[in-house]
Amino acid sequence: MKYCAVIIAKNEEENIKRIIKNLKNQTIPPYKIIVIDDGSTDLTPTLATKLGCFVLRFPDRGYNAQRLPEFSDNFEIGLKLSISLDVDATLIVGADLVLPSDYVERLWSYMKKDEKVAVSSGIIKGEEMCWVRGGGRLYKNSALKELYKKRGFLVDRVFDGNDTEIVYALMSLGYTFKVYPVYYYTVRSTGMGYKRSQKILSVLSLLSILQCPPFIARIIMKLFNINCTYKTWELYSTIQFIKDKCRTKILKSAEHCWNDED
């Protein structure tokens with residue numbers, strides 16, 4: 001099994017060496033480590049280059065683009081570079097992650113058992129949820145190539161500056177995703193992921209059906225006293241993209257979580 005690891009990083013000189021070493025110490029080390037440097041002003045790209053990574057460096061935008069559409073370009077470029085190579089998969093990681101040495105091997109062994117699983121992840125300690133984590137996400141490149149052939153791009157820039165929408169796009173092609181019992185850690189504080197309360201889902205589903213613009217949705221959600229965090233808006237944007245109320249069942253379903261029958 002051959003794969004590329006893609007690290008999106010900015011000012012990560014304190015963490016970048018650890019995650020690169022972590023990747024090289026995997027039981028199946030990556031064929032290539034691609035670092036997309038989003039305008040670091042520290043030694044992040046220099047350190048990554050010295051450690052043998054392929055580094056693509058962008059100038060500093062002068063503002064933090066994370067969670068903004070332009071940040072999606074980082075994922076698009078990293079994924080395109082990976083699928084252009086003769087590898088089986090792409091691993092998306094952040095510089096803040098600590099992976100077990102058999103992380104990729106275990107995920108791939110699970111994914112090979114079901115050809116319909118196009119993307120998977122393990123579980124960050126403290127974030128037990130049935131949704132694939134962004135950092136630590138493993139894609140099958142064959143599925144990514146099919147998606148790229150179909151629509152001419154991989155990451156939709158409209159949505160929240162990350163690669164979450166890809167999961168739904170892959171599902172529209174008949175693929176699915178899975179969260180497996182492979183635990184890993186992050187050195188940064190983290191929340192519990194999606195807060196899938198029925199109240200939030202009902203409001204978001206209604207706004208999606210009405211094709212409500214985001215600024216109106218924000219006002220309405222404030223009236224409902226719903227916390228408009230990033231995770232809430234990521235959830236909203238994906239539902240808005242699908243525009244199919246039945247698909248919101250995915251967000252509440254446990255079918256994508258590992259169970260003993262698997």
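V187 counts as partly exposed, because its relative accessibility is 45%. Buried here means under 20% relative accessible area, exposed over 50%, partly exposed in between, with a 1.4 Å probe and protein chains only. V187 sits in the loop between β8 (176-186) and α7 (198-209). Helices (H or I, at least four residues) and strands (E, at least two) are DSSP runs, numbered from the N terminus.

A word on the source. This is a predicted model: local features need pLDDT of at least 70, side-chain atom pairs count only at pLDDT 80 or more, and totals for chains, interfaces and linings use all residues. Residues are numbered from 1 along each chain as its sequence is written, and side-chain values use heavy atoms, leaving out hydrogens and water.

Now the rings. How many aromatic pairs does a search of the whole structure find? Three. Rings of Phe, Tyr and Trp (its six-membered ring) pair if their centres lie within 6.5 Å; planes under 30 degrees apart are stacked, over 60 edge-to-face, the rest tilted.

One of them is Y103 with Y184, edge-to-face, 5.0 Å centre to centre, 65° between the planes. Y103 lies in helix α4 (residues 103-111) and Y184 in strand β8, so the pair ties together parts 81 residues apart in sequence. Y103 is buried, at 0% relative accessible area. Y184 is buried too, also with 0%.

Next, W131 and F177. Their ring centres are 4.8 Å apart and the planes stand at 65°, so this pair is edge-to-face. W131 lies in the loop between β6 (117-124) and β7 (137-140), F177 in strand β8. Both W131 and F177 are buried.
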